[in-house]
Amino acid sequence: MNVKWKAVSPKIGGEIPAPYYASAGAAAMDLHACLDEAVTIPAGGRAVIPTGIAIALPDAGTVALIFARSGLGIRHGIAPANCVGVIDSDYRGEIKVGLSNSSDTDYTVQPGDRIAQMGFFPVLQATLEQAQELDETVRGAGGFGSTGRC
């Protein structure tokens with residue numbers, strides 16, 4: 001799949017890398033902080049970090065999803081504030097990542113740091129059909145933890 005992208009900052013491709021797959025088997029591209037200076041996310045706080053890029057997805061059948069980088073999440077408690085960012089096919093603005101710091105320590109994002117990863121996925125749009133009853137299943141309405149222990 002081809003995805004067009006453009007630099008919305010002159011720093012991209014110079015001091016700030018363009019998105020790339022970090023390994024041959026990577027499922028998502030690394031996104032970098034396109035900042036003029038470091039930004040500190042306070043413990044328990046949030047910040048919006050620009051990436052310096054915009055994309056054009058090929059059609060409404062494709063979405064770009066923004067995920068946490070596992071190392072940032074596990075080691076530092078830094079992850080997208082909305083859990084998963086959704087870049088719709090008709091959005092053409094700069095991709096910005098809202099990061100949340102769930103740790104008890106301030107975290108500083110430096111210009112060029114890898115802050116998130118972006119993957120591309122197919123989209124299915126459903127037509128909802130209201131019903132008076134739903135089919136029965138063995139599980140039924142069993143919710144959180146109803147299928148076994150964690």
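The legends below describe close-up views of a predicted model.

View 1. In soluble globular proteins, nonpolar side chains tend to be buried together.

**View 2. The surroundings of Leu99.** When residues up to four places away in sequence are not counted, Leu99 touches Ile41, Gly45, Arg46, Ala47 and Ile49, together with Ile78, Ala79, Pro80 and Ala81, and also Val109 and Ile115.

**View 3. An open sheet of three strands.** The strands follow the order β4-β9-β7 with antiparallel pairing, and β4 and β7 (78-80) are the edge strands, each of which pairs on one side only. From one strand to the next, the twist averages 35 degrees. Between the antiparallel strands β7 and β9 there are three bridges, and Ser100 in β9 is the bridge partner of Ala79.

**View 4. Ser89 in the loop between β8 (85-87) and β9.** Ser89 counts as buried because its relative accessibility is 18%, which falls under the 20% limit for that class. Apart from its neighbours within four places in sequence, Ser89 is in contact with Leu57, Asp59, Ala60 and Thr62.

Conventions. Residues numbered from 1 in each chain as written. Predicted model: local features only at pLDDT ≥ 70, side-chain atom pairs only at ≥ 80, totals over all residues. Heavy atoms only, no water. Contact = heavy atoms within 4.5 Å. Helix = DSSP H or I, 4+ residues; strand = E, 2+ residues; numbered from the N terminus. Buried < 20%, exposed > 50% of the residue type's maximum accessible area, 1.4 Å probe, protein only. Pairing = 2+ DSSP bridges. Axes fitted to C-alpha atoms, helices over the stretch in contact; angles between N-to-C directions.
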